[in-house]
Amino acid sequence: QVRLVESGGGLVQPGGSLRLSCAASGSFVAINIMGWFRQAPGKRRELVATITSAGQTNYLDSVKDRFSISGDNAKNSVYLQMDALKPEDTAVYFCNARAFPSGGTSWLPYWGQGIQVTVSS
């Protein structure tokens, strides 16, 4: 099993910044991609940003000029630096990883429990 633990959420004013962190632990052979999704009330979960183990990144269009994703392969961790936050960024943010579990036969997706980010004055 793979466990993802998120931290760094909270309340911030519009224009402010937050940094989300996510660390993976458990029994797995490798992780090949990690990322962040978010879900606002009444809306579908959407991809925010991803990063591969090789460092390739992908962003939601509405955040690509404001958010930056980075990873630390040695720590099995991923980070999301969020700047110039807007009220519409308010959502529960979920860490996601695709990992090959020990003793498994395929790559599987794993999710964190989610962390609240609220942008409000």
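Start by selecting the largest pocket, which has a volume of about 160 Å³, where volume is the space filled by probe spheres set on grid points that are joined across faces, edges and corners. A pocket here, on a 1 Å grid over the protein atoms alone, is an open set of points with protein on both sides within 12 Å along at least five of seven lines, and its lining residues have an atom within 4 Å of a point.

Before going further, note that this is a predicted model, in which local features need pLDDT of at least 70 and side-chain atom pairs count only at pLDDT 80 or more, while totals for chains, interfaces and linings use all residues. Residues are numbered from 1 along each chain as its sequence is written, and side-chain values use heavy atoms, with hydrogens and water left out.

**The pocket lining**

Of the 13 residues that line the largest pocket, show Ile 31, Met 34, Thr 52, Ser 53 and Asn 73, which lie nearest its centre. Next colour β4 (28-39), β5 (46-52) and β7 (67-72), the elements that give two or more residues to this lining; strands are DSSP runs of E with at least two residues, numbered from the N terminus. Among the elements, β4 gives the most, with four residues. By class, the lining comprises four nonpolar, eight polar and one charged residues, with Ala, Val, Leu, Ile, Met, Phe, Trp, Tyr, Cys and Pro counted as nonpolar, Asp, Glu, Lys and Arg as charged, and the others, Gly among them, as polar.

**Strand β9 and its partners**

From β4, move across to β9, which runs antiparallel to β4 and is joined to it by 10 bridges; two strands pair if DSSP finds at least two bridges between them. To see one of these bridges, select Ile 33 and its partner in β9, Arg 98. Strand β9 is mostly covered, with eight of its 11 residues buried, where buried means under 20% relative accessible area, exposed over 50%, and partly exposed in between (1.4 Å probe, protein chains only).

Follow the chain between β9 and β10, which form a hairpin with six residues between them, and stop at Gly 103 in the turn, where phi is positive at about 80°.

**The disulfide**

Select Cys 22 and Cys 95 next, which are joined by a disulfide with an S to S distance of 2.0 Å; a disulfide is a pair of cysteine sulfur atoms within 2.5 Å. Because Cys 22 lies in strand β3 (residues 18-26) and Cys 95 in strand β9 (residues 91-101), the pair ties together parts that are 73 residues apart in sequence. Both Cys 22 and Cys 95 are buried.

Step back to Asp 89, in the loop between β8 (77-82) and β9, which is buried with a relative accessible area of 1%. Leaving aside its neighbours within four places in sequence, Asp 89 is in contact (heavy atoms within 4.5 Å) with Arg 38, Val 63, Arg 66, Phe 67, Ala 84, Val 117 and Val 119.

Finish at Gly 10 in strand β2 (residues 10-12), which is partly exposed, with a relative accessible area of 25%. With neighbours within four places in sequence again set aside, the contacts of Gly 10 are Leu 18, Gln 116, Val 117 and Thr 118.

Key: On a 1 Å grid over the protein atoms alone, a cavity is a set of points where a 1.4 Å probe fits but cannot get out, and a pocket is an open set with protein on both sides within 12 Å along at least five of seven lines; lining residues have an atom within 4 Å of a point.
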